[in-house]
Amino acid sequence: MKNPEKYALPIQQKPLIPLAFCGKKPWRSKSILLAGDVGGTKTNLALFKIEENEIFLLSEKSYKTKDYTSLLEVMHNFLGKNSLKIDIISLGIAGPIHQGKVRGTNFSWEIDSDELIREFNTTYVFLINDMEANAYGLAALQKKDLYQLKPGAKIHGNAAIISPGTGLGEAGLYWDGKEYHPFATEGGHSYFSPKTDLDLEIWQYFYQKYEHVSWERLLSGQGIHDLYKLLRNVSREKESDGLKLKMAKGNPPAVITETAMEGTDLVCIETLDLFVRFLAIECSQVALKLKATGGIYIGGGILPKIIKGINKNVFRDNFVSSDRMNSLLQMVPVHLVLNERTALLGAAFYGAMSCEKI
């Protein structure tokens, strides 16, 4: 890149969303940082150079995760014949991290920090959950990167981020009175509970297919496709030849949501409204469990693409639907995160602001 993009580290300036990092100063200038956002569909890698209180993006590339057998294969492809010495590796990975090791939740890679240290001859490798990376990336956002789905009170408090995509990621942000402290959860794998007769029919359909009916089964790309197939069978509305062809040639969840926004198929419209309803319910539950008066942030790859198709009234009515806690839920603002680099920048910030120094 002739004019590399730069991102201010959250040290002296006042970011839109203040995040607590382990270090209060970045690593020494000229350090080279390899950051990554590793998920079931895509693996995004980027090289950054640390300069004072900023990081400069040197190069980046996105890969289809399932086209590769390991993260090492992707990293070597990305680096190629690059002669730069990698000082820091910091990766956000979709899966639970245990003692520097992780196996992907929706992909088969096994990633070991010790192996990365040996392979790239570096001492500093940081593996964090992808939702932690998303949370840390909130420190890089500007007002243009957020879309308000539901207003709330302007008060401080805990917050949460939830990201429907290949799977359903969730993380919390504890408010200490000055800054937010991200922490990972696996809440997306908690059990879905039906609320209406239709919900019960949906639960039975998903139970027969998966046995464990988690929120991730519903609030994901595959969940959209499964909901569509069920609703299509229940409604007995014939799928048009044009839609059938699009589904065969394209990505079915994307075709369903795009068709819903065009308003040309009732089953697609109902599927999208149902997805929005379920998203509102799960966001509400997360807000109650964490008392997230600081807000709910919705990331992931699905929501930015369907903003025009989101019925705000459907979302609001199902979010504020908890009887005696409705007054609390009224306080909670909900924003969509529009910046596709949020997790990647969060991993980079985490690496640049880590406690250990070179």
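Helices (H or I, at least four residues) and strands (E, at least two) are DSSP runs, numbered from the N terminus. This is a predicted model, in which local features need pLDDT of at least 70, side-chain atom pairs count only at pLDDT 80 or more, and totals for chains, interfaces and linings use all residues. Residues are numbered from 1 along each chain as its sequence is written, and side-chain values use heavy atoms, with hydrogens and water left out.

The second largest pocket has a volume of about 560 Å³. Its lining counts 20 residues, and Lys154, Gly294, Tyr297, Pro333 and His335 are the closest to the centre. A pocket here is an open set of points on a 1 Å grid over the protein atoms alone, where a 1.4 Å probe fits, with protein on both sides within 12 Å along at least five of seven lines; lining residues have an atom within 4 Å of a point. The volume is the space filled by probe spheres set on the points, which are joined across faces, edges and corners.

Strands S9 (146–150) and S13 (295–298) each supply at least two lining residues, and S9 gives the most, with 3. By class, the lining has 11 nonpolar, 7 polar and 2 charged residues. Nonpolar covers Ala, Val, Leu, Ile, Met, Phe, Trp, Tyr, Cys and Pro; charged covers Asp, Glu, Lys and Arg; the others, Gly among them, are polar.

The loop between helix H9 (266–290) and S13 holds Lys291. Lys291 is not a glycine, yet its phi is positive, about 45 degrees. Lys291 is exposed at 53% relative accessibility, where exposed means over 50% relative accessible area, buried under 20% and partly exposed in between (1.4 Å probe, protein chains only).

Lys30 lies in the loop between strand S1 (6–8) and strand S2 (32–38). Lys30 also has a positive phi, near 80 degrees, and is exposed, with a relative accessible area of 56%.
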